[in-house]
Amino acid sequence: MRRNPTLFFVPSMYSIAKGKRNYIGENIGRITFRSIDDYDIEQTTLKSTIPHNRKAMNVMMRFIIPNLYGISLFGEYMLSPFNRSNRFFYKYRISAIDKDRTCITFHPKLNNTQLIDGFAVVERLTGRIIHTRFTGEYDMVTFEVNAYMGSGDTPYALLPLKCESKATFRFMGNEIRVGFYADFGCKIPMREPPTLQDEKFLEKIRPDSLKSIEKSIYREHFEGNGTVDTSRTTRTRRSNKALKKAWDIVDDYILSGQDAGNKNVSVSLSPLFNPLYMSYSHSRGLAYKMNIGARYSFTPERYMTFTPRLGYNFKIKKFFFNTPLRYTFDSKHNGWIELEWANGNRITNSSVLDIIKTENRDTIDFSDLNLDYFDDELIRLNANMKLSKYFEVTMGIVYHRRTAVNKTEMEQLGKPSEYSSFAPEVKVTFRPYIDGPTFTANYERGLTGIFKSNIKYERWEFDASFKKSLLCLRQYSLRAGGGFYTNKSSDYFVDFANFHENYIPGGWDDDWTGDFQLLNSAWYNASNYYFRANASYSSPLLLLTWIPLVGRYIETERVYVNFLQIEHTRPYTEIGYGLTNRYFSVGLFGSFLNGKFHEIGSKFSFELFSRW
């Protein structure tokens with residue numbers, strides 16, 4: 001291990017960033033498979049010399065169950081050379097070992113983080129993999145996996161019986177080496193999980209004896225913890241204890257976050273301070289975000305979740321939050337009740353847009369208009385139920401309180417500084433088949449006189465989205481929809497459910513597809529109707545990936561095409577290109593208005609350790 005203070009900022013590595021240089025841990029658990037690449041690992045026992053019995057480099061758990069026969073080896077990463085669809089990306093050499101076994105050596109045609117290098121010993125008669133060893137890179141981790149597969153006459157032939165993984169992590173002068181050994185043939189007695197001190201139980205089920213160096217690490221750890229330095233004064237011991245506790249708090253809540261739970265309760269908290277949660281876009285500016293998650297299970301089909309999203313936008317200097325509390329009473333039919341409190345997004349009062357109607361539609365520039373911005377705070381109560389195999393209905397109420405950002409100026413202009421609205425809403429979702437498109441229809445009607453609501457309106461929206469996964473981890477996404485307002489008997493805010501500004505951005509897979517990246521924020525509230533269409537195509541090996549030196553670091557590339565039609569302007573179009581790697585995601589976009597070039601902009605977000 002070689003380390004320096006920057007290791008403190010790597011998720012899960014704070015605990016080993018100081019102190020000893022050698023650690024060891026053992027984990028006993030049960031793995032429940034729904035399919036070869038869909039499983040849960042239930043940990044029953046953890047014995048570790050890492051302080052507080054923590055885990056380090058938990059990301060390595062991905063490498064203990066490679067999906068050799070699938071398109072990807074680990075989730076959505078690493079194209080498997082054993083899948084026929086990926087043969088274009090590899091070079092193969094076959095040599096006979098004996099009459100029953102053959103060795104297949106494979107090498108990638110280009111140096112890229114999505115491809116691996118190695119060999120496999122296969123059964124000549126069936127093609128079953130007996131043993132494989134391969135190397136690769138993943139999220140700044142260089143790894144080697146050595147897997148021995150199950151027998152061909154058992155139901156576990158697709159799974160490894162034993163898997164040994166070695167990895168080296170390098171980051172800003174730090175170098176951490178780690179080894180994982182997993183044995184899936186352990187027979188654990190069906191009884192209460194053993195305690196951490198139950199050494200006899202561990203010795204009984206441990207598949208292999210500990211090596212001498214592993215025993216020495218354990219011995220040094222437990223002897224060190226049992227040693228008491230009587231020469232220290234009481235004040236020194238208390239001071240050290242208080243300092244240690246303070247650093248533990250920094251570790252738990254500031255740098256590393258939290259992820260804990262038991263059979264019924266689970267809680268996760270992203271770090272309070274982490275520069276990697278920053279993102280930037282041309283239209284929304286710089287933003288910082290964090291996530292919290294909590295779940296309490298009453299039964300497997302009844303549980304409660306609380307998943308707040310918090311963020312700060314530096315461009316408008318405002319803190320945003322969204323706090324949905326959901327009680328799922330029937331998970332089989334997606335039956336739930338949800339209470340949501342959020343302070344929404346900045347919005348404009350649409351009544352001032354009467355001025356825009358007198359402007360030349362070809363020369364409109366919202367940035368030169370003195371639009372009246374409001375902060376939007378909402379409370380929503382919804383209930384959802386899947387009525388059949390194809391239809392799902394959501395019904396509820398929503399209350400908005402919109403307050404002028406500059407109350408003084410609004411009052412001087414003789415305009416209200418606060419608007420309220422109360423509205424019942426209905427959403428119908430139609431899915432003709434599981435892997436097909438999703439169609440939604442939204443209806444919302446504002447009522448006056450309820451909780452001082454003074455906005456009357458009707459809103460209709462229709463949306464269709466479709467995401468299709470192709471071979472070799474390629475994917476395309478399509479979305480089209482529109483909406484309109486009716487019942488204009490009073491002033492109201494144009495605030496569509498499927499077409500609005502988002503000031504708490506997500507990552508690469510959250511909101512980059514299906515959003516307009518350069519659209520002026522005022523345009524979202526500038527029209528009584530809209531029609532949109534969005535399309536994207538992503539692939540791990542598309543364009544820049546094939547460029548030497550540069551291409552090896554690119555994980556996925558994506559192209560975008562977005563179209564918009566609103567009331568006050570002719571067609572607006574965006575095209576873009578983006579890529580993501582272990583460090584960041586970046587996109588470059590260009591927009592066209594009325595068939596002419598309009599502007600160019602970019603979007604950037606950190607991806608470093610996002611999968612840790």
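**Paired strands**

In this predicted model, strand β23 (residues 418-430) pairs with strand β24 (residues 438-446) in the antiparallel sense, over 6 bridges. Within this pairing, Thr429 stands opposite Thr440 in β24.

Strand β23 also runs antiparallel to strand β22 (residues 391-404), and 13 bridges join the two.

**Aromatic pairs**

The model has 32 aromatic pairs. One of them is formed by Tyr90 and Phe106: the ring centres are 6.3 Å apart and the planes are at 90°, so this pair is edge-to-face. Tyr90 belongs to strand β5 (residues 90-96) and Phe106 to strand β6 (residues 101-108), so the contact ties together parts that are 16 residues apart in sequence. Both Tyr90 and Phe106 are buried.

Phe531 and Phe563 are also edge-to-face, because their planes are at 65°, with ring centres 6.3 Å apart. This pair links distant parts of the chain, with Phe531 in strand β27 (residues 529-539) and Phe563 in strand β28 (residues 554-566), 32 residues apart. Phe531 is partly exposed, at 41% relative accessible area. Phe563 also counts as partly exposed, at 28%.

**An aromatic cluster**

Some aromatic residues form one cluster, among them Tyr457, Tyr485, Phe496, Trp523 and Tyr572.

**Charges over rings**

Lys109 lies over the face of Phe88, at 5.0 Å from the ring centre. Arg326 lies over the face of Trp336, and here the distance to the ring centre is 3.8 Å.

Methods. Residues are numbered from 1 along each chain as its sequence is written. This is a predicted model: local features need pLDDT of at least 70, side-chain atom pairs count only at pLDDT 80 or more; totals for chains, interfaces and linings use all residues. Side-chain values use heavy atoms; hydrogens and water are left out. Two strands pair if DSSP finds at least two bridges between them. Helices (H or I, at least four residues) and strands (E, at least two) are DSSP runs, numbered from the N terminus. Rings of Phe, Tyr and Trp (its six-membered ring) pair if their centres lie within 6.5 Å; planes under 30 degrees apart count as stacked, over 60 as edge-to-face and the rest as tilted. Buried means under 20% relative accessible area, exposed over 50%, partly exposed in between (1.4 Å probe, protein chains only). A charge sits over a ring if NZ of Lys or CZ of Arg is within 6 Å of the ring centre and within 35 degrees of the ring normal.
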